[in-house]
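Visitor: I have never looked at this structure before. Could you walk me through how to read it?

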Amino acid sequence: MAPRISVVVLYLCLFVGISSESDEYDATIKTMEEFSGYQIHEPVLQDSSSSPLSVNTENLQKQIDELSTFSDAPAPSVTRILYSEKDVLARGYIKNLMSLSGLSIREDAVGNIFGRWVGSEPELAPVSTGSHVDAIPYSGKYDGVVGVLGAIEAINVLRRSGFKPKRSLEVIMFTSEEPTRFGISCLGSRLLAGSKELAELLKRTVDGQNISFSDAAKFAGYTKNEDLSSVFLEKGSYSAFIELHIEQGPILEEEAISIGVVTAIAAPASIKVDFEGNGGHAGAALMPQRNDAGLAAAELALAVEKHVLESGSIDTVGTVGILELHPGAINSIPSKAHLEIDTRDIDEKRRNLVIEKIHQSALSISKSRRVKLSEFKIVNQDPPALSEESIIKATESACQELNMSYKKMISRAYHDSLFMARISPMAMIFIPCYKGYSHKPEEFAAPHDIANGVRVLALTLAKLSVS
Ligand SMILES: [Zn+2]
């Protein structure tokens, strides 16, 4: 590390040491004195609003509230669907904030938005951060939004502190993390990560109104007949990617911990299964003659639970979220049954073993119950991702320097980070949210929790930028 850069880091640590509201104030100053070799005269405890790493909490909350008004559902619900009029307005809002923060803006063919603060060594791979602002119908105003508006505020925090990045810092707003319109989740980040299959698939993808992906994108001002491979980024385009997000689970709030340092993101696989039997009259057909597709589905649902529990890890989960019977009448034996199964793990091998066992059970159930297994389709099978140790370390030391409690944890929901991990070292920062609520209007994160997340993000970005 060049001496000039060390000083930058040092000053940053120094500021943090002085400004943190800590019971161990003297110890921090002493450590800083030892570390810096300078004596810190007349240390003054400042409140966080005047500290060099201070977040403009009020303004950030105002932005979160304003962004939530670009919605197709009445407040407090938020509905913001990809390439809708409200989505276009939200995009304009984000780009405006990016330019007010002095970032140079680029948009790709599907509307991933990039705002870059050019560092002193622009030829080095930048450090990036970001999330999404699309919202599923009748959801809340924090999911994703905290990681976009919070990232822009983290840039402002660093600018106000006088920090100068060595590697460029980039804020990314990803297109369509939610699958609402075209049934494809993390559309923007999957493409960034170079998914050729998705680029092909999007050529013939339509929404529920039969509007093609490219027409919808054109409405929003994107894909002017461009080849979607223009969106792909090379592996190594970023030296690090880190996403700030609400936890969407109850752990941090329950344990009163400020920050979650995500060590791995579990990845889902989804499976569609269809059984077919002969059906028949619920009174006339005697039990020995039946081949009930509904009972085959019920037996498979229990088998899913059994195989998941057999993995022996708390991180393996499985859910039968859809179970439909045909014809669906009280006096008719089900002739068809349709199941959709979601199974997740942070260990790909273990998850894939569960899928294999579910398949074996489906085959043996169809045999023993004399029903036809007309479909067993693995719809998607994304690999899980591990966070990069060096980014985890940088985040942990940012928490320590800011005197914030933290714990390492797993993300059981998946995020754009899962796909960014394919092209960049990755990690995530979680903040507490009310009762773990998400994807509903009651979703809430307290302003001071958001500010904590932004400060940790800012300091982590700073550390990664000079490394
Ligand atoms: Zn999200």
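This is a predicted model: local features need pLDDT of at least 70, side-chain atom pairs count only at pLDDT 80 or more; totals for chains, interfaces and linings use all residues.

Visitor: Which residues of α10 are buried?

Guide: To read burial, count neighbours: a residue is buried if 20 or more other C-beta atoms lie within 10 Å of its own. In α10 the buried ones are A293, G294, A296, A297, L300, V304, H307 and V308. They sit on the same side of α10, because they cover an arc of only 155 degrees around the axis. On the other side of α10 you'll find L302, E305 and E310, which are exposed.

Visitor: And what covers the buried residues of α10?

Guide: The cover includes the strands β9 (267–276), β10 (317–326) and β11 (336–345), along with helix α11 (348–368). Just after α10, look for G312, which takes a positive phi of about 80 degrees.

Visitor: Which residues of α11 are buried?

Guide: R351, V354, I358, A362, I365 and S366 are. Their arc around the axis is only 105 degrees, which puts them on the same side of α11. The buried residues of α11 pack against β9, α10, β10, β11 and β12 (372–381). Just after α11, R370 has a positive phi of about 55 degrees.

Visitor: How do I read the way α10 and α11 pack? At what angle, and how far apart are their axes?

Guide: Look at the angle between the two axes, then at their spacing. For α10 and α11 the angle is about 150 degrees, with the axes 9 Å apart. Angles over 145 degrees count as roughly antiparallel, and α10 and α11 are therefore roughly antiparallel to each other. The crossing of α10 past α11 is right-handed. On the α10 side, A296, E299, L300, A303, V304, H307 and V308 take part, and they meet V354, K357, I358, S361, A362, I365 and S366 in α11.

Visitor: Let me try another pair. At what angle do α3 and α5 pack?

Guide: Helix α3 (residues 57–68) and helix α5 (residues 145–161) pack at about 140 degrees, and their axes are 10 Å apart. That makes α3 and α5 oblique to each other. Their crossing is right-handed. The residues that meet are L60, Q63, I64 and L67 in α3 with V145, L149 and E153 in α5.

Visitor: What about a loop? Where is the place of E123, and is E123 buried or exposed?

Guide: E123 lies in the loop between β3 (113–117) and β4 (127–132). With 7 other C-beta atoms within 10 Å, E123 is exposed. Its C-alpha is separated by 8.7 Å from that of S168, 45 residues apart along the chain.

Visitor: Zooming out, how many helices and strands does the protein chain have?

Guide: The protein chain comes to 14 helices and 15 strands. Of its 467 residues, 48% count as buried. Among contacts with a separation of 6 or more, 78% are between residues 24 or more positions apart.

Conventions: Residues are numbered from 1 along each chain as its sequence is written. A residue is buried if 20 or more other C-beta atoms lie within 10 Å of its own, exposed if 12 or fewer, and partly exposed in between; C-beta atoms are placed from the backbone. Helices (H or I, at least four residues) and strands (E, at least two) are DSSP runs, numbered from the N terminus. The arc is that of the directions from the helix axis to the C-beta atoms. Two residues are in contact if their C-beta atoms, placed from the backbone, lie within 7 Å. Axes are lines fitted to C-alpha atoms, for helices over the stretch in contact, and angles run from 0 to 180 degrees between N-to-C directions. Angles under 35 degrees count as roughly parallel, over 145 as roughly antiparallel, 65 to 115 as roughly perpendicular and the rest as oblique. A crossing is left-handed if the near helix is turned anticlockwise from the far one by less than a right angle, and right-handed if clockwise.
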